[in-house]
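Q: I am new to this structure and would like to go through a few parts of it. Could we begin with one of the strands?

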Amino acid sequence: MKRRSLLGGAAGLAVTAGVGPGSLLWAPFARSKAKSSGHDAYFAKLNEMLKRDGPGHPVMLLDTARINHNIDRITASVGDGKQYRVVVKSLPSVPLLQHVTQRAKTKALMVFHQPFLNATAEAFPEADVLMGKPMPVTAARTFYDKLGNTKFDPASQVQWLIDSHDRLLQYQGLARTLGLKMQLNFEIDVGLRRGGLAEPEALSAALAVVAADPEHLSVSGLMGYEPHLTGQQADLNHPEVRKVLGIYHGFIERLQAADLNPEQLTLNGAGSHTLKIYEKDDTMNDLSAGSGVVMPTDFDTYHLIDHRPALFIATPILKRYTHNPFMAEPPANMQQVYYIYGGYWKAKMASPVEVGDTIYQSTNQSPIATSAEVNLEVDDYMFLRPTQSEFVMLQFGDLLAVSDGEISARWPVFHQTG
Ligand SMILES: Cc1ncc(COP(=O)(O)O)c(C=O)c1O
């Protein structure tokens, strides 16, 4: 039977390709064979916990022991001579960020959204914040307008990201209008082609503008992000890595030519996928990572093989068909159909593992086809791994931190607006 023909009554529901485990680019996490119940010991324990203590609707779980393991991997790679900068958008919860910064012993954060910047300034009055993308100058103005009574001093604690000469002039205009001083960090294009200064000459021109207006502007460093190295299994000697570092050095020389000391500046780069490459390199002194702490499936990549999945959507089963009502002769992994509470998240099924192709997706109740081996009941939970963290983590209300099989804390997430 053709897939489409079995969807007769499901008009208006989005149909997607299979989200089964086979679609991973890199599959370092061998799944242990599920027991006949449908869950291995790890997920069976979470299932019991949620049936006992859960709220009865989809929730986002964080495994704190696994998070700690992942943080320790990152700090080991960053080493002593460099600073670990925690990517706020990928871990969008104040208590989660407090947990990560305390364990990693860092105050450096990377922020990508004005409402998160204001929330960060309030919750982390000691932080050093580097913006991860250039903000419209009106967003910078909104930040200053909304900055409440906090110890946080933007003149020394925010590094605004500047990607072009025009934006530099806009920020200079804002600093003059507001009568304050701004630190500027320059986004440089090290090969990603996502904007930023393309040539070292452009940096020299920008540095001249800053040098001529010390009352309002100062230079805080460079940011050169290089996720295009992901998937190359690259080490430090890989030609693409050499290219990135060569470009970075070209910009550093312009800092030196302008009498700036690179050692006193923030020379940022990397992300979770690539941070490990630089263990023995000191071109950059400030390395970012966020997602590698919680490990959504998009981060099952080469340099993160030692990290452990720590983030799961858990959702109750509402209904069970012990046969497949959509197919006369279903394949082995589609013998029965469960309906889960919600669905259509950016996520892949983690447990049970014996799941078939997607029948259709619904944000209300999604059908999940499984093999006949799975023996979960209504009110048991299924577990999915988000493909990414930054958006998905905001969809479930408080995050449930889990330690030793218990819900140890409820961690609120950031508000998208405000
Ligand atoms: C500028 C910049 N740095 C670093 C990161 C890395 O974040 P993560 O470690 O969550 O991939 C990102 C992600 O988008 C980014 O845009």
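Predicted model: local features only at pLDDT ≥ 70, side-chain atom pairs only at ≥ 80, totals over all residues.

Q: What about E12 and E14, how many bridges join them?

A: There are 4 bridges between strand E12, residues 347-351, and E14, and these strands also run antiparallel. Ser 351 stands opposite Phe 383 in E14.

Q: Is E14 mostly covered or mostly exposed?

A: Strand E14, which spans residues 381-386, is mostly covered, with 6 of its 6 residues buried.

Q: And which residues point which way?

A: Tyr 381, Phe 383 and Arg 385 point one way from E14, while Met 382, Leu 384 and Pro 386 point the other way; all of them are buried.

Q: Changing topic to helices: at what angle do H4 and H5 pack?

A: Helix H4 (residues 114-123) and helix H5 (residues 137-146) pack at an angle of about 30°, and their axes are 9 Å apart. Because angles under 35 degrees count as roughly parallel, H4 is roughly parallel to H5.

Q: Is their crossing left-handed or right-handed?

A: The crossing of H4 and H5 is right-handed.

Q: Which residues make the contact?

A: H4 contributes Gln 114, Leu 117, Asn 118 and Ala 121, and H5 contributes Ala 139, Thr 142, Phe 143 and Lys 146.

Q: How do those divide into nonpolar, polar and charged?

A: In the contact of H4 with H5, 4 residues are nonpolar, 3 are polar and 1 is charged.

Notes:
Residues numbered from 1 in each chain as written. Heavy atoms only, no water. Axes fitted to C-alpha atoms, helices over the stretch in contact; angles between N-to-C directions. Helix = DSSP H or I, 4+ residues; strand = E, 2+ residues; numbered from the N terminus. Parallel < 35°, antiparallel > 145°, perpendicular 65-115°, else oblique. Left-handed = near helix turned anticlockwise from the far one by under 90°. Contact = heavy atoms within 4.5 Å. Nonpolar A, V, L, I, M, F, W, Y, C, P; charged D, E, K, R; others polar. Buried < 20%, exposed > 50% of the residue type's maximum accessible area, 1.4 Å probe, protein only. Pairing = 2+ DSSP bridges.
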